[in-house]
Amino acid sequence: MQERTLAIIKPHAVSEGFTGKIIDEIIQNNFDILAIKKIQFKKEEAEKFYQIHKGKFFYDNLIKFMISGPCVVLVLSKENAVKNFRDLIGNTDPEKAKNKSIRHKFGLTNRENAVHGSDSLKNSKKEIAFFFSNADIINI
Ligand code: ADP
Ligand code: MG
């Protein structure tokens, strides 16, 4: 089934100049980019986006990191996009992520792992709506 998923290129990957390389990986792996924008998370927005992790030991530093500079947010479309994109980005920990995965190639640490990808179809819908209205997303 054709699905949509939400991707975020995280602050360190943007500031280190990896945006183009990561987008190229996305395109070469046959995802369609339906919407894209550069954003700067406000603290309250990052807290809302990551609210399921509130209380976890990594939460405070995750929020600090995600507001530390601009991110690039994308709506992607592909057959089984949610699982296919999670496979393309790899394990949360770049050291555990497979060699060809985006996190292995561009991630630095457990926290600075280059990209976010929605973890379920339900969450992808919520996350896409967090950043984009329907009018912002090309309908193909
Ligand atoms: P994923 O992004 O792979 O779905 P989680 O949803 O568990 O991983 O975590 C959300 C984000 O929080 C991760 O992408 C990473 O930036 C950060 N994070 C997760 N686990 C850790 C950890 N053990 N130490 C530091 N940061 C973490
Ligand atoms: Mg997650």
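In this predicted model, the side chain of H53 places an N or O atom 2.9 Å from an oxygen atom of ligand 1. The protein buries 82% of the 530 Å² that ligand 1 exposes when taken alone. Ligand 1 sits in the largest pocket.

**Polar contacts of the ligand**
- The backbone of R111 contributes a polar atom that is 2.8 Å from an oxygen atom of ligand 1.
- A nitrogen atom of ligand 1 lies 3.4 Å from a polar atom in the side chain of N110.

**The shell around the ligand**
- The residues that surround ligand 1 are K10, H53, F57, F58, L62, R86, T92, R103, N110, R111 and N113.
- By class, this shell comprises 3 nonpolar, 4 polar and 4 charged residues.

**The pocket**
- The volume of the largest pocket is about 720 Å³.
- Its lining consists of 23 residues, and those nearest the centre of the pocket are Y50, I52, H53, L62 and H116.
- The lining of the largest pocket divides into 7 nonpolar, 8 polar and 8 charged residues.

**Secondary structure in the lining**
- Three elements, α3 (43-49), β4 (115-117) and α7 (121-131), each provide at least two residues of the lining of the largest pocket.
- The greatest contribution to this lining comes from α7, which supplies 4 residues.

Definitions and conventions. Residues are numbered from 1 along each chain as its sequence is written. Chains are lettered from A and ligands numbered from 1 in the order in which they are written. This is a predicted model: local features need pLDDT of at least 70, side-chain atom pairs count only at pLDDT 80 or more; totals for chains, interfaces and linings use all residues. Side-chain values use heavy atoms; hydrogens and water are left out. A residue is near a molecule or strand if one of its heavy atoms lies within 4 Å of it. A polar contact is a pair of N or O atoms within 3.5 Å; within protein, one must be able to donate a hydrogen and the other to accept it, and residues adjacent in sequence count only if both atoms are side-chain atoms. Accessible areas come from the Shrake-Rupley method with a 1.4 Å probe; for residues, only the protein chains shown count as cover. On a 1 Å grid over the protein atoms alone, a cavity is a set of points where a 1.4 Å probe fits but cannot get out, and a pocket is an open set with protein on both sides within 12 Å along at least five of seven lines; lining residues have an atom within 4 Å of a point. A molecule sits in a cavity or pocket if more than half of its atoms lie within 2 Å of its grid points. Ala, Val, Leu, Ile, Met, Phe, Trp, Tyr, Cys and Pro count as nonpolar, Asp, Glu, Lys and Arg as charged, and the others, Gly among them, as polar. Grid points are joined across faces, edges and corners, and a volume is the space filled by probe spheres set on the points.
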